[in-house]
Amino acid sequence: MLGVQTKAIQTWDKEGKIRVVRTPGGRRRIPESEILRIQGIETPKRAVIGYARVSSQSQKDDLERQLEIIKRKAVDSILIDIGSGLNEKRRNFKKLLKMVMQREISKIVISYPDRLTRFGFETLKEFCLAFGTEIEVINEDVYTSPQEEMVKDMITIIAHFSGKLYGMRSHKQKEVIKNVKNILSQT
């Protein structure tokens with residue numbers, strides 16, 4: 001698109017003449033906006049969108065904390081969903097994806113990766129990058145061991161499917177989650 005060889009891009013990157021995004025594998029990805037900038041083509045301003053999610057209405061305090069953290073960043077607006085991170089039919093999550101595909105967003109700001117999606121975060125991140133949208137995770141440095149992460153994932157899956165089976169507000173669903181947590185904490 002720029003009519004230059006790979007070495008030129010590498011040199012420009014080292015000299016800071018072009019902004020690149022590095023993949024987890026170390027490859028350079030050049031946002032479309034950078035290509036257009038170098039070509040001298042004006043691009044419309046793209047929005048910075050915050051996204052916050054909690055699983056249920058009872059988690060309003062957590063939602064408020066997320067909003068407080070996200071508002072500290074220079075976001076144009078914040079989309080909010082109340083629903084499971086496994087539910088891909090969340091209204092504002094779908095709206096966010098459409099905005100990414102229409103190249104309306106330059107950056108998505110979230111408090112933690114699991115607020116956007118419970119599984120496949122790296123895949124979603126690559127998807128967004130393909131449309132020139134980066135994802136900024138504010139609390140990315142919070143370390144959880146692989147064992148803690150696996151336990152959280154198992155509880156999430158069991159809670160999701162027991163909720164479907166027994167009903168989200170059912171006493172049985174809460175009992176299943178409690179029992180799973182007890183079993184997993186003993187390992």
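D81 is found in strand β4, which spans residues 77-82; helices (H or I, at least four residues) and strands (E, at least two) are DSSP runs, numbered from the N terminus. This is a predicted model, in which local features need pLDDT of at least 70 and side-chain atom pairs count only at pLDDT 80 or more, while totals for chains, interfaces and linings use all residues. Residues are numbered from 1 along each chain as its sequence is written, and side-chain values use heavy atoms, with hydrogens and water left out.

- D81 is buried yet has no salt bridge, and the nearest side chain of opposite charge, that of R90, is 4.6 Å away. Buried means under 20% relative accessible area, exposed over 50%, and partly exposed in between (1.4 Å probe, protein chains only).
- A salt bridge is a side-chain nitrogen of Lys or Arg within 4 Å of a carboxyl oxygen of Asp or Glu; for charge, Lys and Arg count as positive and Asp and Glu as negative, with His and the chain ends not counted.
- The side chain of D81 makes a polar contact of 2.6 Å with the side chain of Y51, and a polar atom of the D81 side chain lies 3.1 Å from the backbone nitrogen of N92.
- A polar contact is a pair of N or O atoms within 3.5 Å; within protein, one must be able to donate a hydrogen and the other to accept it, and residues adjacent in sequence count only if both atoms are side-chain atoms.
- Not counting residues up to four places away in sequence, D81 touches Y51, A52, R53, V54, R90, R91, N92 and F93, where contact means heavy atoms within 4.5 Å.

**Overall fold**

- The secondary structure of the protein chain comes to eight helices and six strands, and from the N terminus on the elements run α-β-β-α-β-α-β-α-β-α-α-β-α-α.
- Of the 187 residues of the protein chain, 33% count as buried, and among contacts with a separation of 6 or more, 62% are accounted for by residues 24 or more positions apart.
- The protein chain exposes about 12,300 Å², of which carbon and sulfur atoms supply 52%; accessible areas come from the Shrake-Rupley method with a 1.4 Å probe, and for residues, only the protein chains shown count as cover.

**Nonpolar cores**

- The largest nonpolar core has 17 residues, of which Y51, L96, I108, I110, L116 and I135 touch the most other members. A nonpolar core is a set of buried Ala, Val, Leu, Ile, Met, Phe, Trp, Tyr and Cys residues joined through side-chain atoms within 4.5 Å.
- The elements that give two or more residues to this core are β3 (47-54), α4 (91-101), β5 (105-110), α6 (121-130) and β6, with α4 giving the most, at four residues.
- A second, separate core of seven residues includes V48, L63, I70 and V109.
- Not counting residues up to four places away in sequence, I108 touches I49, Y51, L96, V100, C128, T133, E134, I135 and E136.

**Salt bridges**

- The structure holds 11 salt bridges, and one of them joins D13 and R28, with the closest N and O atoms 2.8 Å apart.
- D13 lies in helix α1 and R28 in strand β2 (residues 28-29), so the pair ties together parts that are 15 residues apart in sequence. D13 counts as buried at 18% relative accessibility, whereas R28 is partly exposed, with a relative accessible area of 24%.
- K45 forms a salt bridge with D76, the closest N and O atoms being 3.9 Å apart. This pair links distant parts of the chain, 31 residues apart, with K45 in the loop between α2 (32-38) and β3 and D76 in the loop between α3 (60-71) and β4.
- K45 is exposed, with a relative accessible area of 70%, and D76 counts as partly exposed at 47% relative accessibility.
- The side chains of E136 and K107 meet in a salt bridge of 3.2 Å, N to O. E136 lies in strand β6 and K107 in strand β5, so the pair ties together parts that are 29 residues apart in sequence.
- Salt bridges that share partners join D13, R22 and R28 into one network.

**A backbone exception**

- Most residues other than glycine have a negative phi.
- R103 has a positive phi of about 55 degrees although it is not a glycine, and R103 lies in the loop between α4 and β5.
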